[in-house]
Amino acid sequence: MTIMMSDARPIFSEETAVPVQLADIEQAAARIAGHVTRTPLVHSKSLSETIGQPVFLKLETRQPIGAFKLRGAMNAVLSLDDVVRKRGLVTASTGNHGRAVAYAARELSVPATICMSALVPSNKIEAVRALGAEIRIVGTSQDDAQEEVERLVEYRRLTPIPPFDDANVVAGQGTIGLELVEELPDLTVVLIPLSGGGLAGGIAAAVKALKPRVRIIGISMERGAAMHAAIAAGKPVAIREEETLADSLGGGIGHANRITFALCRDLLDEVVLLTEDEIAAGIRHAAREEGEIVEGAGAVGIGALLAGKVRPFGPIAVIVSGGNIDPKRHRDIVEGATA
Ligand SMILES: *Cc1c(COP(=O)(O)O)cnc(C)c1O
């Protein structure tokens, strides 16, 4: 299942300014330098041989929290006024964003409260707790957790740090795009895990500004691909949340989405969807051939290449977005012949 957007509309209509500019992303890079890791971009011998094109992996698994979300969260928190920051931060998260906010809060010595739905895997909950944040488990969906955030914003005057639909968060994630263009100037395609679209939107904004001809491909799972459904419908639509190996890609994009829907609609060249088996193959390949522990969401770029769902020409950058997976689940997938 693929939707093509090669005849995309002009980037943003006249009444809406482009919400994240190259300059915002460059400022974010300066702000977060020293607080986040400049991750390695490594050549994959095995994928390059399989695909017949040079393939490079951007290892966001090497961030101190094991995922790229630290970039956006750190940029958002550092952009806050001192007095506001000290009152405390709050967010709803499926795990990695919660970790990122908790880590940023601890780094900058401010309190953080993380709201999560009961569907979030326990290893992710414990990881946030270990970072010293207060945790609230609320309801069974991202929407329930989000309602609790709004309550705490109103009654405790905490500052919400959104997981993706925020200009500072998007600009922070976009710093990956600056690093890619700097290190791989002749890149032709970027494969990006896609959920709420902060990662893909930010990278696309950076890369398209510097290299307009580079193709940006978003990759989600077939089970509950919210951005894919929204782009197809022309507006955010409700989707059913389902269990998937790519649990970090679950959840909706928000019915009142302000930034990432338009960014992804206008800047992504294509969105590709993967089956659970294809995601498992990506995880397995990362472990066996690349020596990397990668979670389902982080492995979709590799999975898409192995499945032949993208056929690039020229140097390819694959965003390996995170590595936070339950060790037993990881072992089962790597040892198993199928998912
Ligand atoms: C959050 C997340 C994504 C998706 O990022 P969005 O900005 O929501 O599209 C991809 N991979 C991992 C590991 C994540 O934690």
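In helix H8, Val 170, Gln 173, Gly 174, Ile 176, Gly 177, Leu 178, Leu 180 and Val 181 meet Gly 198, Leu 199, Gly 201, Gly 202, Ile 203, Ala 206, Val 207 and Leu 210 of H9, where contact means heavy atoms within 4.5 Å. Sorted by class, this contact has 10 nonpolar, 6 polar and no charged residues; Ala, Val, Leu, Ile, Met, Phe, Trp, Tyr, Cys and Pro count as nonpolar, Asp, Glu, Lys and Arg as charged, and the others, Gly among them, as polar. This is a predicted model, in which local features need pLDDT of at least 70, side-chain atom pairs count only at pLDDT 80 or more, and totals for chains, interfaces and linings use all residues. Residues are numbered from 1 along each chain as its sequence is written, and side-chain values use heavy atoms, with hydrogens and water left out.

Helices here are DSSP runs (H or I, at least four residues), numbered from the N terminus. The axes of H8 (residues 167-183) and H9 come within 7 Å and cross at roughly 45°, where axes are lines fitted to C-alpha atoms over the stretch in contact and angles run from 0 to 180 degrees between N-to-C directions. That makes H8 oblique to H9, since angles under 35 degrees count as roughly parallel, over 145 as roughly antiparallel, 65 to 115 as roughly perpendicular and the rest as oblique. The crossing of H8 and H9 is right-handed, a term used if the near helix is turned clockwise from the far one by less than a right angle, while anticlockwise gives left-handed.

H9 (residues 198-210) also packs with H11 (residues 260-267), their axes coming within 9 Å and crossing at roughly 50°, which means that H9 is oblique to H11. This crossing of H9 and H11 is left-handed. Among the residues that meet here are Gly 198 and Lys 208 in H9 and Cys 264 in H11, and the contact divides into 6 nonpolar, 3 polar and 1 charged.

Turning to the whole chain, an automatic or database domain assignment gives domain 1 (2-67 + 166-334) and domain 2 (69-160). Their contact takes 29 residues from domain 1 and 21 residues from domain 2. Between them the two domains bury about 2,200 Å², 54% of it on carbon and sulfur atoms, buried area being the accessible area (1.4 Å probe) that two parts lose on being put together, summed over both.

Methods:
Helices (H or I, at least four residues) and strands (E, at least two) are DSSP runs, numbered from the N terminus.
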